[in-house]
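Biologist: I would like to learn how to read a contact between two chains. Could you take me through one?

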Amino acid sequence: MQFGIFSVSDITRDPVSGETPSEAERIDAIVQIAEKAEEVGLDVFAIGEHHNPPFFSSAPTTLLSHIAAKTKKLIVSTATTLITTNDPVRIAEEYAMLQHLAKGRMDLMLGRGNTAPVYPWFGADIRQSLPLALENYNLLHRLWREDVVDWEGKFRTPLQGFTSTPRPLDDLPPFVWHGSIRTPEIAEQAAFYGDGFFANNIFWPKEHYIRLIEFYRQRYAHYGHGTEKQAIVGLGGQAYIAKRSQDAVKEFRPYFNEAPVYGHGPRMEDFMEQTPLSVGSPQEVIDKTLTFREHFGDYQRQMFLMDHAGLPLKTVLNQLDLLGEEVVPVLRKEIEARQDPETAKPPTHAGRVKDKYGDGPVRQPKPNANRGDNVTGGSPYQDSR
Amino acid sequence: MGQNFQLVVVSAGTSDPSSTRLLADRVAGRVTTLAGKRAHTVGTTVVELRELATEIANALVSNHIGPKLRNAIATLQRADGIVASTPVYKAGASGLLTSFFQILDNDLLIAKPVVLAATAGTARHALVVDDQMRGLFAYLRTVVVPTSLFASTEDWQDNGLNKRIDRAALELVALMTSGFEKTVRDESWGSYQHEYGSAGGTELTIDLDSDLMRLAAGGGAG
């Protein structure tokens, strides 16, 4: 099982100090947070995508390639990449490039985005959000698997003889998670392609996305990718940890009370009782996180939201120490002991190369010479017929 | 053969006892009596919105549905008839009532029969039910009985109010016993708009035979 952190990239006033970090400070901080994630033994760092203040992460692949360069083992990912407002051609190119630079230590999670004004900024229509997401991914899926793509759809100009470059590292497309909590079509698409399915798990009641994950598992098996238990599931969660439970509650409360999503709303105690939020000692966070697999079945990736709501960098780094040193090692051990042996391994580049090629040669596409017209035609690579 | 009906009273009255609740209880009592004459029984559940005020406010600002609210939603889900009663403030229904109904899934109350009732300190508010509340309940695709109930201070001494309560109660009984909701839901539930998990978390059917599902499985946009 993989453990990691995901960030929304919000730049939020610290309600305790009253200070709002500058964009420069917050961007510096996120790089330190990602490096810390690796240092404390976490597996994954993921960043969101937003195109309006108070968020900074408009260019996730730029950030993630920088983080990949500064780390050795960490998998960099997104939470989420907008499959609606980004041209799938650009996603294919940018994330393949990231995959090369990160030497395969990356994947991505696709989401639709629910901020209505963003759509027209990128020439899209939110009323078409779902068909747009589905069609864009159908194209993205082909761009990473076929050297030359002819394509025609409803939402973008047709492609004729298009080759997305660079080809994925080792000719193995990046692993894709599809994020959704209440859209069966997204679960269906994830299942159809044998991709991962991620539920952000921030809000409960959880019953309907328990059912959606079950649906994804059934359809994953239906399409012949493996058994229901072998489907690839990821979950979010959020925690604030202190050695002593009462300190965690005291320290986190002002941040909870003014958090952008649920602040000025429910009492923190009610929210803790009724949602996956854990605020407490390492043992309390462990106990709560261990209940997730009882609800959703064994899964491959657990992500925590740790750096939001104006928490200062120093606190976030301290949180990561506690998460990495006192929570995750216990969770790894406990989950390994309880996990169904049929459960799929979490996706890694090395594991997927092995699945695709076994011990055989790994394809490394080498392009043919430019014929002078910048159009490579039907066989752009030396090994393609 | 007699049937058992579930009647849910939703009251936005804030004092105890409140005239808003009293008005709703009078309707519920008459509904029980009139249904009884037809050999039916009625079980009445009361949702006091006052007790849900914090959770309603939380749901409005954070989408978080607390346990009491979830319980109220489940109660309404099972209702065969609803009596919604509110005080009038500043020429409008109490925000407590409108906020509560605004939180509900659009398809939770489709085809359910409803009596609307309001209380006020002055007869000048008399048209609040017909002019304002009906629109909200029309949006929710409920079927509101023709007689609206309104009680200002002086109405409590006027036998006309009792007559109107009788009328509204009979209209509700007629709609409940006609099987209107069942017919609509059985035969055309699918033609209303739903989201996965809507209708209070019960709308969980997944239609694999749709254009979007075909698109999800790699097909053309159609």
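Modeller: Start with charge pairs: a salt bridge is a side-chain nitrogen of Lys or Arg within 4 Å of a carboxyl oxygen of Asp or Glu. Across the interface of chain B and chain A, that rule finds one. Its partners are the side chains of B:Glu195 and A:Arg182, at 3.4 Å from N to O.

Biologist: What should I know about the model and its labels?

Modeller: This is a predicted model, in which local features need pLDDT of at least 70 and side-chain atom pairs count only at pLDDT 80 or more, while totals for chains, interfaces and linings use all residues. Residues are numbered from 1 along each chain as its sequence is written, chains are lettered from A and ligands numbered from 1 in the order in which they are written, and side-chain values use heavy atoms, with hydrogens and water left out.

Biologist: How is the size of an interface given, and what area is buried between chain B and chain A?

Modeller: The size is often given as the accessible area lost when the parts come together. Buried area here is that loss with a 1.4 Å probe, summed over both parts. Between chain B and chain A about 2300 Å² is buried, and carbon and sulfur atoms give 65% of this. On the chain B side, B:His64, B:Tyr196 and B:Ala216 lose the most area to chain A, together 27% of what that side buries.

Biologist: How many residues does the contact take from each chain?

Modeller: With contact meaning heavy atoms within 4.5 Å, 25 residues come from chain B and 31 residues from chain A.

Biologist: How are helix 2 and helix 3 of chain B placed relative to each other?

Modeller: Helices are DSSP runs (H or I, at least four residues) and strands likewise (E, at least two), numbered from the N terminus. Axes are lines fitted to C-alpha atoms, for helices over the stretch in contact, with angles from 0 to 180 degrees between N-to-C directions. The axes of helix 2 and helix 3 of chain B come within 8 Å and cross at roughly 95°. These two helices are therefore roughly perpendicular, a label for 65 to 115 degrees. In their contact, B:Glu55, B:Ile56 and B:Ala59 of helix 2 meet B:Pro67, B:Lys68 and B:Leu69 of helix 3.

Biologist: Which backbone features deserve a look?

Modeller: Most residues other than glycine have a negative phi, and most peptide bonds are trans. B:Ala39 has a positive phi of about 70°. A cis peptide bond joins A:Ala79 and A:Thr80, with omega about 10°.

Methods: Buried area is the accessible area (1.4 Å probe) that two parts lose on being put together, summed over both. Angles under 35 degrees count as roughly parallel, over 145 as roughly antiparallel, 65 to 115 as roughly perpendicular and the rest as oblique.
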